[in-house]
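Hello,

I am passing a structure on to you, and my notes on it follow below. Please keep the picture open while you read.

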Amino acid sequence: LLPRLHELLEGDWVEVMTNTMGEFATKTLLSEFIDTKTAASAAAGWDGDAYTLIESPGNPAARIFAWLSVWDSPEDAEEFAKGFSSAVSARFKTQPEETGSVISFRLPADKGAVYIEFAGPQAIVIQGSPSSLLPRVRSIILTARKLEMRETGFSELLKQASGAAVGPPRQPER
């Protein structure tokens, strides 16, 4: 699950929708803007996701879409990120700025920015955020994900989040 972004951002925001996209909807979304084969390949490694859409009641055009996805492998996360980037390029007729595992787009002011980042088997997409809020939105998503990983007790996720070798959770002694 994603954090309640609308409650953690400065300003007046309300949650419009929070849900899961799924592999099929991811492929369908991408195939609106890129060829079906590339869209299917980009969505094929899907292993889970959550997204939220928030808006500012005082300015209904101000909407932020934040999406965190988990993939079968780091290569699948990168393939998704690049597929999503191709879809954004086709939709908005613009080219991305790429720096390592970060892909970003500068869109017309009324469309906000598009930010894509992949790390390990995860990818995040933030679309529509004003540039001034983008670092905060990213931080909220990444912080929440790390906290969720620690709380689940899944040693592999914890190891990934902390970079340390961790064994299974210890059972209390009786």
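Where pLDDT is low, the predicted coordinates should not be read in detail. For the protein, the mean pLDDT is 84, and 81% of the residues reach 70 or more.

**The sheet**

Now look for the open sheet of seven strands, which pair antiparallel in the order S1-S2-S3-S7-S6-S5-S4. Strands S1 (14-19) and S4 (97-99) each have a single partner strand because they stand at the edges, so one side of each has no neighbour in the sheet. On average, neighbouring strands here are turned by 10° against each other, direction ignored. S1 is joined to strand S2 (residues 46-56) by five bridges, and Met17 stands opposite Leu53 in S2.

**Two packed helices**

Helix H2 (residues 22-31) packs with helix H4 (residues 74-92) at an angle of about 35°, and their axes are 9 Å apart. Which residues make the contact? From H2 they are Thr26, Leu29 and Leu30, and from H4 Phe80, Gly83, Phe84 and Ala87. By class, five residues of this contact are nonpolar, two are polar and none is charged.

Definitions and conventions: Residues numbered from 1 in each chain as written. Predicted model: local features only at pLDDT ≥ 70, side-chain atom pairs only at ≥ 80, totals over all residues. Heavy atoms only, no water. Pairing = 2+ DSSP bridges. Helix = DSSP H or I, 4+ residues; strand = E, 2+ residues; numbered from the N terminus. Axes fitted to C-alpha atoms, helices over the stretch in contact; angles between N-to-C directions. pLDDT = per-residue confidence, 0-100. Contact = heavy atoms within 4.5 Å. Nonpolar A, V, L, I, M, F, W, Y, C, P; charged D, E, K, R; others polar.
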